[in-house]
2 protein chains.
Amino acid sequence: MQQAVPPSSGSTPALLPPALCVLGLGLIGGSLVRAAGPRLPVFGWSPSEPTRSAAKADGHDVLDTLETALTRADDRDALIVLASPVTTFRGLLRTIDAVAPAARLTDVASVKAAVQEEVTELAPRTRYIGSHPMAGTAASGWAAGSPELFAGAAWVTCLTDDASVDDWADVAGLALAVGSRVVPAEPHAHDLAVARISHLPHLMALALAQVGEHGGSLALSLAASSFADATRVAGTRPELIRAMCETNRDALIDAMDDVLGILGVARGSLASTGSLFKIAEAGYLARGLFEQRANGLQLVTVQGADLIDQLLAVGAAGGHVSALARGAAGLTAEAWYPDED
Amino acid sequence: MQQAVPPSSGSTPALLPPALCVLGLGLIGGSLVRAAGPRLPVFGWSPSEPTRSAAKADGHDVLDTLETALTRADDRDALIVLASPVTTFRGLLRTIDAVAPAARLTDVASVKAAVQEEVTELAPRTRYIGSHPMAGTAASGWAAGSPELFAGAAWVTCLTDDASVDDWADVAGLALAVGSRVVPAEPHAHDLAVARISHLPHLMALALAQVGEHGGSLALSLAASSFADATRVAGTRPELIRAMCETNRDALIDAMDDVLGILGVARGSLASTGSLFKIAEAGYLARGLFEQRANGLQLVTVQGADLIDQLLAVGAAGGHVSALARGAAGLTAEAWYPDED
């Protein structure tokens, strides 16, 4: 299915949309405006006047109303990026369907199946490809943004059997242009994965912060790096945590049941036999697997009629796309794929 | 109970034992040898020949047998520090009782009530004060040690109603000399606190690492800082995690039940109403309290007949001792204590 090739020599011309229209200028949207600005025409909008003023003051092209931003996006065939909280999407999608109904469209929300359904319902003619850059900090807002935020980060780009690879290439090209690793994934597979490695860690941090507080002043004064690191993301604004976790309910409940089961078994073993052997050994091995996850990748070329299946196989195996080109044979991707042996 | 004083002007002569005998030269013991060496005579021992050779090669005074180390400790009235895994303490205490039965003695284990009981049983004549420097990394062994490991860390020094404040001052003076904040605490109060802010975070990291692994290659490839930070301490050697967690069983079970309850309620709320309001708000407030814990401290002087009670009150309130002096009025401590208002 893949053939090994040497690393690409020289730079490949980036595949990018004609322009970029970023709706929402918080941490992710604001960072995207900064990161993409040198690569293609970028303009943006925020519902917040102070945010628009701050972004303008930093030299960025910001429009004052959603309608003017979308009209310009329609004129220039720009890729529209929904970069505001997922709870605002329904309203935005209705306006997009009215002003720029066939637009190139993506979003950066941390859930993908639910957004895909909303787009199908409310803006069905858009050329939509869901995406999710796995980058962030506990900080938020325009001022917290950085053009380096996406460098080296995984950026999920969604594919389904009936997707257009040309629409996908717009979004994947943007992610590559700002320095991310492009991970193709089905929307539902994405949601299951991030429930485990992003949403659940947020809930565990929130729970642990309370357990520490219940220990009183002595406990908090003794807390060192293990507690500080494990509760860091509990400092994220509660409404942002709720927006991402509550919209991924089913997958998150599965992940919560998994961790409740592991901790419950450990609690029972500690109480009955005094041993934590099982959780200690299995957890240590799992952490080792995580630390070694990026070892043993080889560069392969992905092209041909079953391109979507091949790209999804790359993502499912823990690989990522590192370059894209469009030629006589259609779209070609270079990807890092785990060694077979 | 306390009177405010201005910060001490000039340096106070440190209260230190005549010499230091460190048994066990891993991360903590090895760091202590390096950090204390410039302040007082220090010698050590390790059961591992390669470790002894490595420490000698780095210029430290290391004896080849436990008996010669303890004989020298007895001759020089050295403070003996048990810095090996807590599972080795019973054997060490029997030998101490035979060779240096009235020695000054402390340990650096992460549980305190159980060690206190072992000392009372096996080396009852020693001048024992339990202690626990809240410093560490996921690394271990002599090579991982650093003279800076204790700088700025909380160092618990145990007190009970019948303790000798002079014995306590040896250990507290050592902790101050290597740059730590000295936190006086009763052994049981220490164990309850560290179950919540150290032992439980290790178990949660071990559980989360497995939940991530269960998500497969896609999940691990998408894991970013929230997962990496939350599982970091799962990379600690399993036998070290077991040694500290299993010996603090009762307190750890309480902490586990607390976190299982919080996560269980959140799971129920998410499944029934779809809301994570409660855990999101309470966790955010708790993290904020942790981040602000060191604000609003004032410097006070602690001295007099009820010194032990006053020192324990400082620790219980989230304060710490920053300087010690011995004068005509006996032992005097300067301490940072939370503002009353």
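## Exercises on a predicted two-chain model

**Exercise 1.** Find which residues of helix α3 of chain A are buried, and work out why they line one face of the helix.

*Solution.* 
- Step 1: Go to residues 66–76 of chain A, where α3 lies. A residue is buried if 20 or more other C-beta atoms lie within 10 Å of its own. In α3, A69(A), L70(A) and A73(A) are buried.
- Step 2: Recall that an α-helix has 3.6 residues a turn, so residues three or four places apart point the same way.
- Step 3: Look down the axis of α3(A): the buried residues fall within an arc of 95 degrees, so they line one face.
- Step 4: See what covers them. The cover includes the strands β2 (20–23), β3 (42–45) and β4 (79–82), along with α4 (89–99), in chain A.

**Exercise 2.** Describe how the two domains of chain A are laid out and how they touch.

*Solution.* 
- Step 1: Domain 1 takes in 3–185 + 294–338, while domain 2 covers 191–291.
- Step 2: Their C-alpha centres lie 30 Å apart.
- Step 3: At the contact, domain 1 supplies 10 residues and domain 2 supplies 13 residues.
- Step 4: Domain 1's side of this contact has 6 nonpolar, 3 polar and 1 charged residues.

**Exercise 3.** Describe the contact of chain B with chain A.

*Solution.* 
- Step 1: Chain A and chain B give 88 residues each.
- Step 2: On the chain B side, helix α7 (residues 187–214) gives the most, with 22 residues.
- Step 3: Sorted by class, that side of chain B holds 57 nonpolar, 18 polar and 13 charged residues.

Note on methods:
Residues numbered from 1 in each chain as written. Chains lettered and ligands numbered in written order. Predicted model: local features only at pLDDT ≥ 70, side-chain atom pairs only at ≥ 80, totals over all residues. Buried ≥ 20, exposed ≤ 12 C-beta atoms within 10 Å, placed from the backbone. Helix = DSSP H or I, 4+ residues; strand = E, 2+ residues; numbered from the N terminus. Arc of directions from axis to C-beta. Contact = placed C-beta atoms within 7 Å. Nonpolar A, V, L, I, M, F, W, Y, C, P; charged D, E, K, R; others polar. Domains from an automatic or database assignment.
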